[in-house]
Amino acid sequence: MEENQESLLKRLGRSAKEFLYGMAGHDMTRFALKTRGSMEHLFILITMGDLLGIPILPPYYSLRLLPYVVPQISTWKRRMLRERDLTDALA
Amino acid sequence: MFTILVLILAAAGVAIGYGLYARTIDKNIVQPDPKKATPAKMYMDGVDFTPASKNVLFGYQFKSIAALGPITGPIIAVQWGWLPAIVWVILGTFFIGWVQDYGAMIMGVRRDGDTMGALSYKLISPRARNILMLFLYFYLLLIMGAFGNAVGKVLMTNPQVPFGMLTVVLMGVLAGQMTYRWKQDIILTTIITVVISFVGIWVSTQPFMSNIFSAIFGLPDSPVWFLGNTQAQVIGTLLVVIFCYLGSVLPIWSYAQPINYVSFWIVSLGVLGGILGMLIWRPGIGDFPAFTSFTTASGPLWPMLFVTIACGAISGWHSLVSTSGTARQLEKETDALPVGGGAMFLEMVFAVVAFLTATVAWGSFQGYQDAGGAGKALAVFAGGLANFLSRLGIPTSFGTAYGSVFLTIMALTIMQLCVRFMRVASAELLGDSVPVMKNVHVGTTVALLLTLLFVWVIPWLTIWAAFGAANQLMAGLALMLISLWLMSEGRKNAWALYPSIFMIVTTIAALLYLAYTSFLVKLPAATTAQASIANILIGLIALTLVVAAGFLIADGWRALRRPRVKEAAEKA
């Protein structure tokens, strides 16, 4: 019984904490993610030549960047290929 | 006693509305499946489509939908008496408000996280999306005009307010630097910036500081400077415009976002303090009438009451947040009801608290009128909040300045977002034909000049009614989209279709009423150029919105009939 009460209290505390975070900080996190997304676009752009087999940057720099870029390709494709309109800018 | 009765009524509205009506529709009609992959999981891109916990999203959704609307609407609406206002807030949320927020969210989830624009394109017609964009631009312009008017011409002209507001803005900028540049702990940043903000608000109430702003504003008898606006009003609105300009052109992380963060704490503490003071005091309604008359300064009860109280009962803005923002982050389909519906019911409670600050906090209709009445709704709220806070031992002068600062900051939060959006919209829509519109500063300046025209020329109650009508029409159209989507899935849609018809008919009636009074009643009687321009502007906007809505309704009607026509053709 006590354990149940404790877990209920813990659950309530966690919910309240998450609610507060949602109101105060979730927007900031989303913006940070958007900034990171924009930076990823730039990285993909500068390494795109190497991904396609056409070296644009000196290979040394490309080789150093590629390991960071490759894991992001699938999410980058989703972002790039998604149709957007002005209402996207509202949220 | 009246306060407690109203709160019990609101609690009953939540219990029956959310616990029974909303849950029944969710369970029996929409039938969300917790195992079904949501767009947040299917299309996870680490940016827009990212799953988040329902508690986080509940807070996010509530913060995104609760701005000045739920505060201002009920305060203006009590001019018809307290009964119509409270009935519409509770029943509006019960039958319509949550339906739209929840419906738009679950529709977004089931339609791959599409935005309102994409949904209009697919469910109604290709031109529906373009009309919606035009509609949105006017809608945002009206938000700017309404909020700019309330803040720049009323709150900022109180000499005890501007310094507090400046302090909060500066603390926001400091919070941005501390968080992103100096990598300081967020709790330390929050404590420092919020405490200094409160000190700034206190300093702003001190005679030496308010005397400085009285001198700047030319108070107590501020002279008329421009288009019938006093020196204080012109300077107040220009200050608002400068804040919005900076919010539009500066990087979000350094200005708009940290200011929003600091202001969140200021606003939350104020609301909590107000509710606590109200519960300790528990005032009665006094001689405040339940019903005054059918026609007031804002017009006849139907349709004008239903557009005057927007966000507290139903608001088109919520459908934009629900689709573009929250639907793309839902972890499970079953989270849509607690997040979308739950946040709307919580906003109803917020609107009820605002209603109480306009009624019981003043104790009489005369008290409400003396505080500014419908014409100075935000001043009524700031004063009412100060009356509640005084029960906690907080001086009324500080409470009034505090209430005014937090309302100003709430308005600026939305206004900065609107200017940014208007800048992007003008660059997208006009950028190819007029390349200069792609320039950040030009786009922002154009948006703010239009705002100033609205703020300086159009009277407060008129612009609020126009804003409310645009907002509610947007809600009606969102409900129409939800009905079409339900029909396309072969589900019962009466719970969304009838509210949609009610909202569309009511808001078109309100817009036609505004056009009629502007062109045929007020314009012939106008004695100044300012009044003539104001009436022509409002009349034209009202008619434009009616025509745009007419196209959307015609296309929507065709879309509604599409399955029947198809069925008939198949039978033949």
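Tutor: Start with the chain pair: 35 residues of chain B are in contact with 26 residues of chain A. This is a predicted model, where local features need pLDDT of at least 70, side-chain atom pairs count only at pLDDT 80 or more, and totals for chains, interfaces and linings use all residues. Residues are numbered from 1 along each chain as its sequence is written, with chains lettered from A and ligands numbered from 1 in the order in which they are written.

Student: What makes two residues "in contact"?

Tutor: Their C-beta atoms, placed from the backbone, lie within 7 Å.

Student: Which helix supplies the largest share of the side of chain B that touches chain A?

Tutor: α3(B), with 8 residues.

Student: Why is α4(B) called roughly perpendicular to α17(B)?

Tutor: The axes of α4 (residues 69-77) and α17 (residues 377-389) of chain B cross at roughly 100 degrees and come within 9 Å. Roughly perpendicular spans 65 to 115 degrees; under 35 is roughly parallel, over 145 roughly antiparallel, and the rest oblique. Therefore α4(B) is roughly perpendicular to α17(B).

Student: Which residues of α4(B) make the contact?

Tutor: Ile71(B), Thr72(B), Ile75(B) and Ile76(B). They meet Ala377(B), Leu378(B), Val380(B) and Phe381(B) of α17(B).

Student: How do you know that Gly103(B) is buried?

Tutor: Gly103(B) has 29 other C-beta atoms within 10 Å. Buried takes 20 or more, exposed 12 or fewer, and partly exposed lies in between. So Gly103(B) is buried. Gly103(B) sits in helix α5 (residues 82-110) of chain B. Leaving aside neighbours within four places in sequence, Gly103(B) is in contact with Ile482(B) and Ala496(B).

Terms used. Helices (H or I, at least four residues) and strands (E, at least two) are DSSP runs, numbered from the N terminus. Axes are lines fitted to C-alpha atoms, for helices over the stretch in contact, and angles run from 0 to 180 degrees between N-to-C directions.
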